[in-house]
Amino acid sequence: MNGLERKEYYYHGAACTDSENRIFAVLSVDSLLDSLVAEKCGVNAAEFCKTNDFAFYGSGWQSWGFGGEIDAGKYQKRYFPIVPQWKQYFTVPGKLPKKLSSKKMLVGSFFMYLRWNVNGKNQYLAVASVGNTKELLPPVNFYVDRKKRKISCTVYADGKEWHEGDKIAELALFPASDFFELRKITQELFASDSAARFGSLGFLNTTPQGEKITVGGWESWYNHYADINNELIKGDLESLSHTENLIKTHFLDNKKPCVFQVDDGWEISLGDWDARRTRFPGGMTALASSISEKGYVPGLWMAPFIIDWRSEFAKSHRDWILRDKKGKPIAAGLNPLWGDTFGKEQPSLPWSYFCFDLSRDDVLAYLDHLIDTAVNEWGFRYLKLDFLFAGMIYGKFTNGGAAYKWYDRAVKVLTKRTVNKKGENVAYLGCGMPFEASFNAFPLSRIGPDTKEDWDVAWMKEAHFPSRTSAFVNMQSTLGHAFWNQGVYINDPDVVFLRYENISLDDKEKILISMVNYLFASQIMHSDDPVHFDAEKEGEFTKKIESLYKIFENEDFGVENRDSTSYFIFSKGEKYTGFINLSDESINIERNELISRFKEKPENLESVIEYGNRNGENFAFEPHSISIYKRN
């Protein structure tokens, strides 16, 4: 590829074992501009970038981490640890070298870029860790010193024993001049053979030609959360095909495959993975069969790497739980439903849950049996495997070594059944998942924090918690990872909301979420209440969303940041342009900016979706909105 460099890094020296994240390279931003940008884009572009600050994009280390841009001159805000266990969700595991512990570091994992606006045109300089596309290597993290213009590259390999000549990492470095070039190069790096990468998901494809995978379905979480039972699920299952909800109109009526996913609340406890008989008296086999009989792909939520200390399984397998060097169980996170407050039933902070020691063969055998039961005994064919980050937490492993190796071994066990004993296809969705370490096992992945039926959560926002459940943060990560879609992963952005009960989002925000998920990701999941479907209000709103989906069904859209909360969007064929405003304030844009991605400038713009006012050459876009215009 023109302008692309690959660099391989190897260990040299006497055998040693890492006790902290290893720095394997320090890259000069200005040197990369000279060697990559100047050669491909010209000396003037490189010189401009060398004398101006940059916006920074760095993916979170796991899918709940922030995945968008940080504006030029700004830094990631430090989390106020009101809930200490939540740091596990976004902080790179292992011990960080002291020289990188400064808060004045921009931090990203797996894939990062720097972006400049050069005379109205974007200039990207990207650095991606690509070694795991072909071999097992430790995950890479990036620490960018904005003032010194240096990129320190580390691997999370704590516990790894290195020997002379061992490969540490492989990086791909390249410039790009726009979104479509950035996406194209990314796809060539991570999915040069798309059929091999994503072919196993073909049975979920919602397009007849199979050219674009768009997975769809309904899930119980955002309707019932953990309060589910057989009667509720039965009612939802019956009603989905009898009301004019999005699942019926977009999938069932068009003979498209559709998932029906049962979320958290079906199990006895974390660790005791069987039907809670007070809720599902018929058991899990009967539940999966009832879903299949209705024509859906049966889906099930599980969190195989984490465990409630109070569960019967944990009580009889204390030695399976990961501990620190002092022998204390390591808290993987916090959930009031999954942990006691204190006392003998809580060996850590209140409401903590724990994780398995994946280095143990008996733990692997248990995980293998668990998935076999779900797939071949119960009959589920779409497994959402959640909280997978817990498998990458470093501790005193029974068999020593580095977390990434044990994690890789475990996820291969979890996902090895691509068909069940009946010969039917099986798919896995990774969630709360380490991006780089999961690349080969989970082609379908959540790519941002959970969404929510509210725009944001004030106290979490004030604490600067980047992994918070929030429509706002979810939208940032969905847009930030758009160039990954159908290259790095089949992007799952979480659900769309079209309901009017139990929700604070207004129509403008619901349209924004629905369109961002449709245009910039590849899974449309829904979780509204089909039993109490409001035929008048929800029915009409569903028709509106469907009409928009129909307009854009053959359009390929790109997105570029104006800043960290606003975006220019545009179709590849230059038929449409638009603007997304995630901020809390109205934003004024001149017409020339709005059409700047068009080579041939249109005389008129016809509104398709518009939330704002036009005054001559000026556009004022409302907060939390998407506006799209057709050239005329």
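Reader: Let's start with Phe-80: is this residue buried or exposed?

Author: Keep in mind that we're looking at a predicted model. A residue counts as exposed when its relative accessible area is over 50%. Phe-80 comes in at 56% relative accessibility, so Phe-80 counts as exposed. You'll find Phe-80 in the loop between strand E5 (69-70) and strand E6 (106-109).

Reader: Okay, on to strands. How do I read a sheet?

Author: Strands of a sheet pair through backbone hydrogen bonds, either parallel or antiparallel. Here, take the open sheet of 3 strands, ordered E18-E20-E19, with antiparallel pairing. Strand E18 (306-307) and strand E19 (331-334) are at the edges with a single partner strand each, so one side of each has no neighbour in the sheet.

Reader: Over how many bridges do E18 and E20 pair?

Author: E18 pairs with strand E20 (residues 352-355) over 2 bridges, in the antiparallel sense. If you want a spot to look at, find Ile-307, which sits opposite Phe-354 in E20.

Reader: And Glu-5, where does that residue lie?

Author: Glu-5 is in strand E1 (residues 5-10). Its relative accessible area is 25%, so Glu-5 is partly exposed.

Reader: What does Glu-5 touch, leaving aside residues up to four places away in sequence?

Author: With those left out, Glu-5 touches Ser-35, Leu-36, Leu-171, Ala-172 and Leu-173. Also look at Val-127: Glu-5 and Val-127 are 122 residues apart in sequence, yet 9.7 Å apart in space, C-alpha to C-alpha.

How values were computed
Residues numbered from 1 in each chain as written. Predicted model: local features only at pLDDT ≥ 70, side-chain atom pairs only at ≥ 80, totals over all residues. Heavy atoms only, no water. Helix = DSSP H or I, 4+ residues; strand = E, 2+ residues; numbered from the N terminus. Buried < 20%, exposed > 50% of the residue type's maximum accessible area, 1.4 Å probe, protein only. Contact = heavy atoms within 4.5 Å. Pairing = 2+ DSSP bridges.
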